[in-house]
Amino acid sequence: MKILIFTTLLLASLSNEAQCRPPDNLDASATKKYTLTALPYALDALEPAISRRTMELHYGRHLPTYVDNLNRLIEGTALEGEELESVVLMAEGPLLDNAGQTLNHELYFLQFSPNGGGEPTGELRQAMMHRWGSVENFKTVMEEAGRTLFGSGWVWLAADKGGNLYILQEANGLNPVRRELRPLLGFDVWEHAYYLDYENRRIDHLKALWQIVNWPVVERRYENN
Ligand code: MN
């Protein structure tokens, strides 16, 4: 009986909510599979590397659109209910675009911290030294990959199953999981990520991002490879 009452109340509250929402958001309930990741810091916490205004638009407008599109496009397909990474691995077309961007931005926003910066430690540092000789050199190669990526896309630090590191340029919403590589650190070079703060100076934005990289998060992604 209690369950019945709860269900009735839930339905009543959903139907009230639905009246205030546009049709696309009618399913903003427990049935929704992919949700917006909560930020572990305030919108202005990453200043001056990323301004509050850029965060409001990037996290507050662009990302929810990708998540909404993903939920809409996946409905009724064979991939419905799959883990996000599996969807990115198997989808094509607009579903891939929006699943990829949902995954990319989840990794992106969770890899930053107002207390970030410095250098990686442990196994990741060792692998980086082995591949690029120094952390400084790694940063330069990553910046150059971001600077020279033509159009919209992402530059990634990624690892294979053997722990070897790679820097990849990915167009649009693609992600290293499509190459069977684990994404560790991603820099978004779509103009929406930096244009308000840096205008055409993409390289200045990329250099500033080192101030906010949360290396312990990136190290965990590497060690859980
Ligand atoms: Mn973006």
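This is a predicted model: local features need pLDDT of at least 70, side-chain atom pairs count only at pLDDT 80 or more; totals for chains, interfaces and linings use all residues.
At what angle do helix H6 and helix H8 pack, and how far apart are their axes?

1. Helix H6 covers residues 135-148 and helix H8 covers residues 202-209; they pack at an angle of about 145°, and their axes are 9 Å apart. The crossing of H6 past H8 is right-handed.

2. On H6, the contact is made by Glu-143, Glu-144, Gly-146 and Arg-147, while H8 brings Arg-202, Ile-203, Leu-206 and Lys-207. Sorted by class, the contact of H6 with H8 holds five charged residues, two nonpolar ones and one polar one.

3. His-105 belongs to helix H4 (residues 93-110), whereas His-192 sits in the loop between strand S3 (182-188) and helix H7 (195-198), and the two are 87 residues apart. Are His-105 and His-192 buried or exposed? Both of them are buried.

4. Now for the sheet. Three strands form an open sheet in the order S2-S1-S3, and the pairing is antiparallel. Strand S2 (165-171) and strand S3 are the edge strands, each pairing on one side only. From one strand to the next, the twist averages 25°.

5. Within that sheet, strand S1 (residues 153-159) pairs with S2 in the antiparallel sense over seven bridges. To see one of the partners, find Leu-157: its bridge partner in S2 is Ile-167.

6. A helix also lies across the sheet strands. Helix H5 (residues 122-132) lies across S1, S2 and S3, and runs at about 80° to S2.

7. A last stop is Glu-75, which is found in the loop between helix H2 (52-74) and helix H3 (84-90). Why does Glu-75 count as exposed? Its relative accessible area is 53%, and the cut-off for exposed is over 50%. Glu-75 and Lys-33 are 42 residues apart in sequence, and their C-alpha atoms are 9.9 Å apart in space.

Methods: Residues are numbered from 1 along each chain as its sequence is written. Side-chain values use heavy atoms; hydrogens and water are left out. Helices (H or I, at least four residues) and strands (E, at least two) are DSSP runs, numbered from the N terminus. Buried means under 20% relative accessible area, exposed over 50%, partly exposed in between (1.4 Å probe, protein chains only). Two strands pair if DSSP finds at least two bridges between them. Axes are lines fitted to C-alpha atoms, for helices over the stretch in contact, and angles run from 0 to 180 degrees between N-to-C directions. Contact means heavy atoms within 4.5 Å. A crossing is left-handed if the near helix is turned anticlockwise from the far one by less than a right angle, and right-handed if clockwise. Ala, Val, Leu, Ile, Met, Phe, Trp, Tyr, Cys and Pro count as nonpolar, Asp, Glu, Lys and Arg as charged, and the others, Gly among them, as polar.
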